[in-house]
Amino acid sequence: MKSDNEYMVQALQLAEKGMFTCHPNPRVGCVIVANDVVGEGWHEKTGGPHAEIVALKQAGKRAKGATVYVTLEPCCHKGKTGPCTKALINAGVSRVVIAMQDPNPEVAGQGITELREAGIEVETGVLEADARALNPGFIMRMSKGRPYVRSKLAMSLDGRTAMASGESKWITGEEARRDVQFLRACSSAIVTGIGTILADDPSMTVRINTLVDNKQFEQPLRIILDPRLSTPPSARILEQNGKTLIVTTSEEPEVVTDLTKAGAEILLQEGRQDTIDLHELMKYLAEEEVNEVLLETGATLGGAMLQAGLIDEFVIYMAPHLMGNDARGLFNLSGIESMDQRISLDIQEIRAIGKDWRITAKITH
């Protein structure tokens, strides 16, 4: 018989199947074992059955006396679906192995307690780090009241993101650009600045033909930070499927009307002058159940987000060419004047993507 770790690996692999579809809910997988696997499931989408319920239905009567492996503590409250703890207890399972405790205050250990009080053996912390890596946005939103923010960057070997003229297509190769579609697809929202809109007129969508096996996904919310309402009503980003939100400090009724007719939704930050309050925006997005934000923007907004402490992870695509001193850098960062003021990064992974390199890094605190 396989070990707890091996069965939990299976549960984690199942959880990954909901990578693009289940937000704002967490990605969860479940495996039920009675000598061999008798049931398995994952949470596919909000409002649908949780992973435990799918696995229990598959297992049927074979769940009695079985061991359940689940990547997240079973819920014990009634939301859009019933509590999974009750379903597990009613099925007569004897043991539940949990990767991590649910950070949702409505659960947060109460599900574990309920199972134990029902006489079920419970073990926690099996491959917890792997389970946490599956749900950085859900964990961040529940624990700190804001989304998890990834900053996606493309640069030359000498750290340049665009020519002095603003020209930036294409720094990286086709394989790297295809890889970005996966980042977009697993994000709840994509944030960019008005500078990027005016310079590149991007669509900021997930392109279905670039995803392997035509995986299911929903277009993420597209967000433009545009204090002065400079977004053209003809911008490509407004023509796409899904929702585009323009965050502004301007109250120009005619411009708002034109942009609304073009398909935009407007979020006004009142009492501000030409500067978006980034912390207020992140709080708003958390309230809208946005788990993971992909930041795709230029040096100004990127630098502001970094200095505000709102970037959690960098995904940097580095192309094997040089663009010279006059080309634009990664971030506009002020106030760094000595070596001890440097922002240190912890490199998580470096891997080849076609002819380019993808560097994943987090800020060290």
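Leu127 counts as partly exposed, because its relative accessibility is 21% and the buried class ends under 20%. This is a predicted model.

**Leucines with positive phi**
- Leu127 sits in the loop that runs between strand 5 (121-124) and helix 5 (128-134).
- The phi angle of Leu127 is positive, near 55°, although the residue is not a glycine.
- Leu229 is another non-glycine residue with positive phi, again near 55°.
- The loop that holds Leu229 lies between strand 9 (221-225) and strand 10 (244-248).
- Leu229 has 6% relative accessibility and therefore counts as buried.

**Cis peptide bond**
- The peptide bond between His23 and Pro24 is cis, with omega about 15°.
- Pro24 belongs to the loop between helix 1 (4-15) and strand 1 (29-34).

**Helix 3 and its buried side**
- In helix 3 (residues 84-91), the buried residues are Cys84, Thr85 and Leu88.
- These residues lie on the same side of helix 3, because they cover an arc of only 105° around the axis.
- In an α-helix there are 3.6 residues a turn, so residues three or four places apart point the same way.
- The elements that cover the buried residues of helix 3 include helix 2 (51-59), strand 3 (67-70) and helix 4 (110-117).
- Gly92 follows helix 3 and has a positive phi, near 80°.

Key:
Residues are numbered from 1 along each chain as its sequence is written. This is a predicted model: local features need pLDDT of at least 70, side-chain atom pairs count only at pLDDT 80 or more; totals for chains, interfaces and linings use all residues. Side-chain values use heavy atoms; hydrogens and water are left out. Buried means under 20% relative accessible area, exposed over 50%, partly exposed in between (1.4 Å probe, protein chains only). Helices (H or I, at least four residues) and strands (E, at least two) are DSSP runs, numbered from the N terminus. The arc is that of the directions from the helix axis to the C-beta atoms. Contact means heavy atoms within 4.5 Å.
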